[in-house]
Amino acid sequence: MVAASSCAAPLSSPADSRCGREREMEAAIPLLTPYKMGDFELSHRVVMAPLTRQRSYGNVPQPHAAVYYSQRATKGGFLITEATGVSDTAQGYADTPGIWTAEQVGAWRPIVDAVHAKGAVFFCQLWHVGRVSTTAFQPGGAAPISSTDRAVPPQRSFDGHMEEFSAPRRLEAREIPAMVDDFRRAARNALDAGFDGVEIHGANGYIIEQFLKDSANDRADEYGGTLERRCRFALEVVEAVAGEVGARRVGVRLSPFTDYMDCHDSDPEALAGYLVGKLSAIGVLYCHMIEPRMALVDGRRQIPHRLLPYRKAFRGTFIAAGGYDRAEGIKVVEEGYTDLVSFGRLFLANPDLPRRFEIPDAPLNKYDRATFYTSDSVVGYTDYPFLDDVVVQAA
């Protein structure tokens, strides 16, 4: 109930005698129990998912990002940055951050410091969009690079307009080691900026998935054809990054079941199973996997819950993503379906989401889809109210 918020302190604060009963109840909530992720001691299992926000002007992180991320940080919480470019060819959207220059590394440092000041663990997601780009975003107006020379067909964006993409240039096999090295150097830069680790973005139709999935990989060389060869580039990236910063500081995000940006696979179960086995053998810290698309069951959208085989096969920490709310998050942690749950739009709109989850029936801010990708440094970014503000206004 909202009234309970008067004695609900943040997760990092000690309970007082008035709240003893409430704290006993909260301690039993599986989603809010402590978890040891490798060397990192987490106080709860609510992860902030990587969320593209497009407010890094000129691909340089800005001071307002320190406000945004620190608002969402809790002692022992785990946050993952928005997708961050590994090179000047990695860009496909306006004002997304990078981490390939000294200026970018320096700009990230105060942002990381602000999150660490709140006691949270902070990873940087490393990204290359591949063919999900246009010549306007590429150095010298060159073609985007990819596993293929086939362009992404026009896609309808969330606001209804059609997005067009330039025809890509197929990377030659001899060029791929340099691309792998871009990820390695970006990982080193991330640790130099103070991040606790990195997440390799191998999902959502971007360059790593363009190699992984047979709809986008039409190569006939050692990086295409069989499942093993299609996975070669992804695993070379993971091994290079792990070799640079240590496997226990590396996570990988995968979306084997999605069809985004014309990137899908004919056998996603086999793809997921092979990759998870290889990631376990490398010893990466965590696997962050996106659920298949929600299905309509009896008129209601329901999470398919098809990730359990991969959670069982992976020896590290498993993070599930995809449409979760408080009730579903509690359920999947309690049942051992996943170790941690990542939340995107709910965390975007509720900077104090873990605290709100402490309180049954606490109100949640509604997200405004129209401001997801605006360039404003405040609106739709740092202006979502905290629960205390909502309670005061209601009073």
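Which residue follows H4, and is its phi positive or negative? H4 is followed by Gly194, and the phi of Gly194 is positive, near 105°.

## Basis of the model

This is a predicted model, in which local features need pLDDT of at least 70 and side-chain atom pairs count only at pLDDT 80 or more, while totals for chains, interfaces and linings use all residues. Residues are numbered from 1 along each chain as its sequence is written, and side-chain values use heavy atoms, with hydrogens and water left out.

## Overall make-up

The secondary structure of the protein comes to 13 helices and 17 strands; helices (H or I, at least four residues) and strands (E, at least two) are DSSP runs, numbered from the N terminus. Of the 395 residues of the protein, 56% count as buried, where buried means under 20% relative accessible area, exposed means over 50%, and partly exposed lies in between, computed with a 1.4 Å probe on protein chains only. When contacts with a separation of 6 or more are considered, 72% of them in the protein come from residues 24 or more positions apart, a contact being heavy atoms within 4.5 Å.

Helix H4 covers residues 176-192, and its 17 residues should span 24 Å at 1.5 Å a residue, which agrees with the 25 Å between its end C-alpha atoms; the expected span is 1.5 Å times one less than the number of residues. The buried residues of H4 are Ile176, Met179, Val180, Asp182, Phe183, Ala186, Ala187, Asn189, Ala190 and Leu191. What covers them includes helix H3 (102-117), strand S6 (121-127), strand S7 (145-146), strand S11 (197-202), helix H5 (207-212) and H7.

Asn189, found in helix H4, is buried with a relative accessible area of 17%. Leaving aside residues up to four places away in sequence, Asn189 touches Ile99, Trp100 and Val105.

## Helix H5 and Ile207

Ile207 has its place in helix H5 and is buried, with a relative accessible area of 0%. Not counting residues up to four places away in sequence, Ile207 touches His128, Val129, Gly130, Ile145, Ser146, Leu171, Met179 and Phe233; Met179 is also among the buried residues of H4. Ile207 and Ala90 are 117 residues apart in sequence, and their C-alpha atoms are 8.9 Å apart in space.

## The pairing of H7 with H8

Two packed helices are described by the angle between their axes and the distance between the axes. The axes of helix H7 (residues 232-245) and helix H8 (residues 268-282) come within 11 Å and cross at roughly 20°, which makes H7 roughly parallel to H8. Axes here are lines fitted to C-alpha atoms, for helices over the stretch in contact, and angles run from 0 to 180 degrees between N-to-C directions; angles under 35 degrees count as roughly parallel, over 145 as roughly antiparallel, 65 to 115 as roughly perpendicular and the rest as oblique.

On the H7 side, Leu235, Val238, Glu239 and Ala242 meet Tyr274, Leu275, Lys278, Leu279 and Ile282 of H8. The residues of this contact divide into seven nonpolar, no polar and two charged, with Ala, Val, Leu, Ile, Met, Phe, Trp, Tyr, Cys and Pro counted as nonpolar, Asp, Glu, Lys and Arg as charged, and the others, Gly among them, as polar.

## Strand S12 and Leu254

Leu254 lies in strand S12 (residues 250-254) and is buried, with a relative accessible area of 4%. Not counting residues up to four places away in sequence, Leu254 touches Gly202, Ala203, Leu275, Leu279, Cys287, His288, Met289 and Ile290, and of these Leu275 and Leu279 also take part in the contact of H8 with H7. Leu254 and His201 are 53 residues apart in sequence and 7.2 Å apart in space, C-alpha to C-alpha.

Helix H2 (residues 63-71) is mostly covered, since seven of its nine residues are buried, namely His64, Ala65, Ala66, Tyr68, Tyr69, Ser70 and Gln71. These buried residues pack against strand S3 (46-48), strand S4 (78-80), H3 and S6.

Most residues other than glycine have a negative phi. Gln54, in the loop between S3 and H2, has a positive phi near 55° and is buried, with a relative accessible area of 14%. Asp95, in the loop between strand S5 (84-85) and H3, also has a positive phi near 55°, but Asp95 is partly exposed, with a relative accessible area of 23%.
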